[in-house]
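Q: Could we go through the aromatic pairs and the nonpolar cores of this structure?

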Amino acid sequence: MDILLNYEYRQADVEPLPLRQLAEHTLRAEEVPDTTEVSITFVDDEEMAALNAEYRGKQGPTDVLSFECDGLDDDFAWPEAEDEPFQLGDIVIAPDVAQRQAADFGTTFEGELTLLVVHGLLHLCGYDHVEDDEAEQMKQRESAILRAWGDQRGDDSAVETLILQGHPFHGRQED
């Protein structure tokens, strides 16, 4: 898998976190092709607000945006050759929004970024939370991936905080 991390903002805070490994863990759980390509970019609130306005018609920064390319649920054919790239898409994350949400929800900065990476990748894999049944399915998938990630790392404290304390997985910044 080719996971490109673009540290356009807060590189010193974000780069030490195991987000590439988390992305690979999530994509393997979703059984995407080994040739999958995805990018994750970290931007400031101003850039995120501009993207949110342009693509969603919403004012202000949001926490995460996902931009699908080839799409797992769009009748897109799997790559025919083993080495043919499968361009899943791009995720954009606002670390400052994540920092504020960590304070608001009683989690950590790493925990928020962990959730946002998983959440964004699941959107690229076809999950959504527009309808209640879709939201529940996405929340369950997020929880399963986060628990497996915590088990893999041998540290599930941040994961359990997100899951068991009723962290709002969906609907944030949607007004």
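Predicted model: local features only at pLDDT ≥ 70, side-chain atom pairs only at ≥ 80, totals over all residues.

Q: How many aromatic pairs does a search of the whole structure find?

A: The search finds two.

Q: Are the rings of Tyr7 and Phe42 stacked or edge-to-face?

A: Their planes are at 5 degrees, under the 30-degree limit, so the pair is stacked, with ring centres 5.8 Å apart.

Q: Which parts does that pair tie together?

A: Tyr7 lies in strand 1 (residues 2-7) and Phe42 in strand 2 (residues 36-42), so the pair ties together parts that are 35 residues apart in sequence.

Q: Is Phe42 buried or exposed?

A: Phe42 is buried, as its relative accessible area is 0%.

Q: And what about Tyr55 and Phe67?

A: Those rings have their planes at 70 degrees and their centres 4.9 Å apart, so this pair is edge-to-face. Tyr55 belongs to helix 3 (residues 45-56) and Phe67 to strand 3 (residues 64-68), so parts 12 residues apart in sequence are tied together.

Q: Turning to the largest nonpolar core, which residues have the most contacts inside it?

A: They are Ile40, Phe42, Ile93 and Leu113, in a core of 34 residues.

Q: Which element gives the largest share?

A: Helix 5 does, with nine residues. Strand 1 and strand 2 are among the elements that give two or more residues.

Q: Back to Phe42: what does it touch?

A: Beyond residues up to four places away in sequence, the contacts of Phe42 include Tyr7, Leu19, Ile93 and Leu113.

Q: Which residues does the second, separate core include?

A: Val43, Met48, Ala94 and Val97 are among its seven residues.

Definitions and conventions: Residues numbered from 1 in each chain as written. Heavy atoms only, no water. Phe/Tyr/Trp six-rings, centres within 6.5 Å; stacked < 30°, edge-to-face > 60°. Helix = DSSP H or I, 4+ residues; strand = E, 2+ residues; numbered from the N terminus. Buried < 20%, exposed > 50% of the residue type's maximum accessible area, 1.4 Å probe, protein only. Core = buried A, V, L, I, M, F, W, Y, C linked by side-chain atoms within 4.5 Å. Contact = heavy atoms within 4.5 Å.
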